[in-house]
Amino acid sequence: MYHDIKKSDFQNIEKQIQFIKKDGWKFLHPSKLFNISEKNKIKGKNIILTFDDGFFSNIIFEKEVLSKYKIKAAFFIPYNFMKSKNKYESIKFIKNKLKLPNYKPDPYPRLNMNFHDIIKLNKKKHIIGFHTKNHIELSKCKSSKIIKDEISGKMDRKFKKIILKNKFFSFPFGKLSDINDFSYNYAKKKYNFIFL
């Protein structure tokens with residue numbers, strides 16, 4: 001699981017990928033999870049790459065590294081970060097919602113993926129998953145209405161179509177303590193695969 005990737009870290013992460021491959025692991029296309037059953041088990045050493053938060057750096061990394069190794073990944077997008085219109089809005093989201101108060105951006109043209117980037121990844125057969133609308137800590141939210149809206153509420157029709165086709169969801173912040181029974185059970189009704 002990766003998040004924002006600084007340009008200076010590309011080489012180190014590529015070395016990680018090379019090491020994983022040399023160690024006998026196979027990079028699975030995330031959609032392979034749909035085919036797993038009691039009769040159809042995946043054998044061997046398998047791994048799925050995931051990218052949380054929808055940073056623009058992921059687009060560059062996909063182009064420069066993932067495509068070189070023909071690796072398909074799952075990208076989990078917070079809707080309102082994707083909808084940020086400029087760097088000011090993106091930085092505000094990063095500091096307040098992603099809770100990275102000391103974030104220092106690389107000089108990319110944008111900080112967030114936009115819908116055009118999502119379409120590109122989708123066409124390249126990567127999985128686009130949902131990462132809530134506002135990247136809130138669902139376990140701390142007392143309102144079932146807000147939790148439902150964060151997990152599957154109103155959003156752009158074309159974006160929602162991609163999300164519902166893939167049915168992948170990732171809880172923000174990635175700890176078990178970030179999930180409560182209500183948010184998990186509601187997410188389970190809407191998505192086939194839930195990640196931390």
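Strand S5 (127-130), helix H7 (157-166), strand S6 (168-170) and helix H8 (181-190) are among the elements that cover the buried residues of helix H6. Keep in mind as you look around that this is a predicted model.

**The buried side of H6**

- Helix H6 spans residues 144-152, and its buried residues are Ile-147, Glu-150, Ile-151 and Ser-152.
- These residues lie on the same side of H6, because they cover an arc of only 160° around the axis.
- Asp-149, also in H6, is partly exposed, because its relative accessibility of 30% falls between the 20% and 50% cut-offs.

**How H5 packs on H7**

- Helix H5 (residues 115-123) packs with H7 at an angle of about 35°, and their axes are 11 Å apart.
- The two helices, H5 and H7, cross in a left-handed manner.
- On the H5 side the contact involves Phe-115, Ile-118, Ile-119 and Asn-122, which meet Lys-158, Phe-159, Ile-162, Lys-165 and Asn-166 of H7.
- Sorted by class, the contact of H5 with H7 holds five nonpolar, two polar and two charged residues.

**Glu-62 and its partner**

- Glu-62 sits in helix H2 (residues 57-66) and counts as buried, with 4% relative accessibility.
- Leaving aside residues up to four places away in sequence, Glu-62 touches Ser-67, Phe-75, Leu-121, Lys-124 and His-126.
- With Lys-124, Glu-62 forms a salt bridge through the side chains, at 2.9 Å from N to O.
- This pair links distant parts of the chain, as Lys-124 is in the loop between H5 and S5 and Glu-62 is in helix H2, 62 residues apart.
- Lys-124 is partly exposed at 34% relative accessibility, whereas Glu-62 is buried.

**Other salt bridges to look at**

- Asp-117 and Arg-110 meet through their side chains in a salt bridge of 2.7 Å, N to O.
- Of these two, Asp-117 is buried at 1% relative accessibility, and Arg-110 is partly exposed at 26%.
- Asp-149 forms a salt bridge with Lys-133, with the closest N and O atoms 3.2 Å apart.
- Asp-149 belongs to helix H6 and Lys-133 to the loop between S5 and H6, so this pair ties together parts 16 residues apart in sequence.
- Lys-133 is buried, its relative accessible area being 10%.
- Salt bridges also link Lys-99, Glu-137 and Lys-140 in a network.

Conventions
Residues numbered from 1 in each chain as written. Predicted model: local features only at pLDDT ≥ 70, side-chain atom pairs only at ≥ 80, totals over all residues. Heavy atoms only, no water. Buried < 20%, exposed > 50% of the residue type's maximum accessible area, 1.4 Å probe, protein only. Helix = DSSP H or I, 4+ residues; strand = E, 2+ residues; numbered from the N terminus. Arc of directions from axis to C-beta. Contact = heavy atoms within 4.5 Å. Axes fitted to C-alpha atoms, helices over the stretch in contact; angles between N-to-C directions. Left-handed = near helix turned anticlockwise from the far one by under 90°. Nonpolar A, V, L, I, M, F, W, Y, C, P; charged D, E, K, R; others polar. Salt bridge = Lys/Arg side-chain N within 4 Å of Asp/Glu carboxyl O.
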